[in-house]
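Morning, everyone. Let's take a quick look at some charged pairs, then at a pair of helices.

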Amino acid sequence: MDIFYNTPQENRVFNTLCAVLILIFSPVILTNAQADNITIDQKVIKRDFMRVVMSAEYGGNSKFGRSVKKYDSTVRFAIINHSKLDRRQAIKGFVWSLPTKIAGLKTSVVSNPQQANFRIHVVDKDQYADVIRNEIYGGARKPVRGKCFVRVLASKNANSIGSTDVVIRSDDGERLFQRCMVEEILQGLGPLADRGNKNFSIFNTASQHSSFTVHDQVLMNILYDPRIKPGMSKSQVAKILPTVMHDCLKRLNLIEPQS
């Protein structure tokens, strides 16, 4: 089963954020939470989890699209540079930071793309369509939209993610690169619908965020909590979501709002 998601970027306005900040490893998640200076609203978190994780922009009506989509084993990233402007170190820095911000997520970076289950292609603008068609679609002349791209394939049992391909433009400006790197890599781990709260989440085409916000860190920590299993339905998730969310907020040392 194939879930395809392609992010249009033309109308987005991005925050100015120095790229090097995202490369700095944070020893504890609390540091990032304080830096983001936002209030965590449990109602928004629950709504966004159902909208962003339990759906998909494309293939959202399939069983896979409607269920929990996540890796159930180590995510093996390969970063493949096609561009004149080599961004591999920046992307490695972001990938290496993920396990420090998402409890339960296991990652590695491999040099051989054949050994990877998450491939990130870094391209120039004039390479974008050809790389998607030739490297990802095997030469098929499919329409290519947007300025960055993610495709997620289900595993054989259709319960977990089997593989992900991401394409990021390297020479189309710092803000676009930063936004695409964060959003597409995170979406390739499971949250495939662009229906998050635009004020708090990068998972919305109208959002001005270009970093891994605390709000989205909470969503990803809920998703990769071991009690949230690949293939779970909305009703199954709804029964345990309040408890899992509470435990994640407590673990992240985030202040809970009054209900």
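A salt bridge here is a side-chain nitrogen of Lys or Arg within 4 Å of a carboxyl oxygen of Asp or Glu. Keep in mind that this is a predicted model. It holds 9 salt bridges. Let's go through some of them.

Start with arginine 119 and aspartate 165. Their closest N and O atoms are 3.0 Å apart. Where do they sit? Arginine 119 is in strand β4 and aspartate 165 is in strand β6, so this pair ties together parts that are 46 residues apart in sequence. Both residues are buried.

Next, arginine 179 and glutamate 183. Here the closest N and O atoms are 3.2 Å apart. Both lie in helix α7, 4 residues apart, about one turn of the helix. Buried or exposed? Arginine 179 is buried, at 0% relative accessible area. Glutamate 183 also counts as buried, at 0%.

Now aspartate 225 and arginine 227. Their side chains meet at 3.0 Å, N to O. Aspartate 225 is buried, at 6%. Arginine 227 is partly exposed, at 35%. There is a network too: salt bridges with shared partners join Lys125, Arg169 and Asp172.

On to the helices. α3 covers residues 42–53, and α8 covers residues 214–223. They pack at about 65°, with axes 10 Å apart. That angle makes α3 roughly perpendicular to α8. The crossing is right-handed. Which residues meet? From α3, they include Val44, Ile45 and Phe49; from α8, they include Val218, Leu219 and Ile222. By class, the contact has 8 nonpolar, 1 polar and 1 charged residues.

Conventions:
Residues are numbered from 1 along each chain as its sequence is written. This is a predicted model: local features need pLDDT of at least 70, side-chain atom pairs count only at pLDDT 80 or more; totals for chains, interfaces and linings use all residues. Side-chain values use heavy atoms; hydrogens and water are left out. Axes are lines fitted to C-alpha atoms, for helices over the stretch in contact, and angles run from 0 to 180 degrees between N-to-C directions. Helices (H or I, at least four residues) and strands (E, at least two) are DSSP runs, numbered from the N terminus. Angles under 35 degrees count as roughly parallel, over 145 as roughly antiparallel, 65 to 115 as roughly perpendicular and the rest as oblique. A crossing is left-handed if the near helix is turned anticlockwise from the far one by less than a right angle, and right-handed if clockwise. Contact means heavy atoms within 4.5 Å. Ala, Val, Leu, Ile, Met, Phe, Trp, Tyr, Cys and Pro count as nonpolar, Asp, Glu, Lys and Arg as charged, and the others, Gly among them, as polar. Buried means under 20% relative accessible area, exposed over 50%, partly exposed in between (1.4 Å probe, protein chains only).
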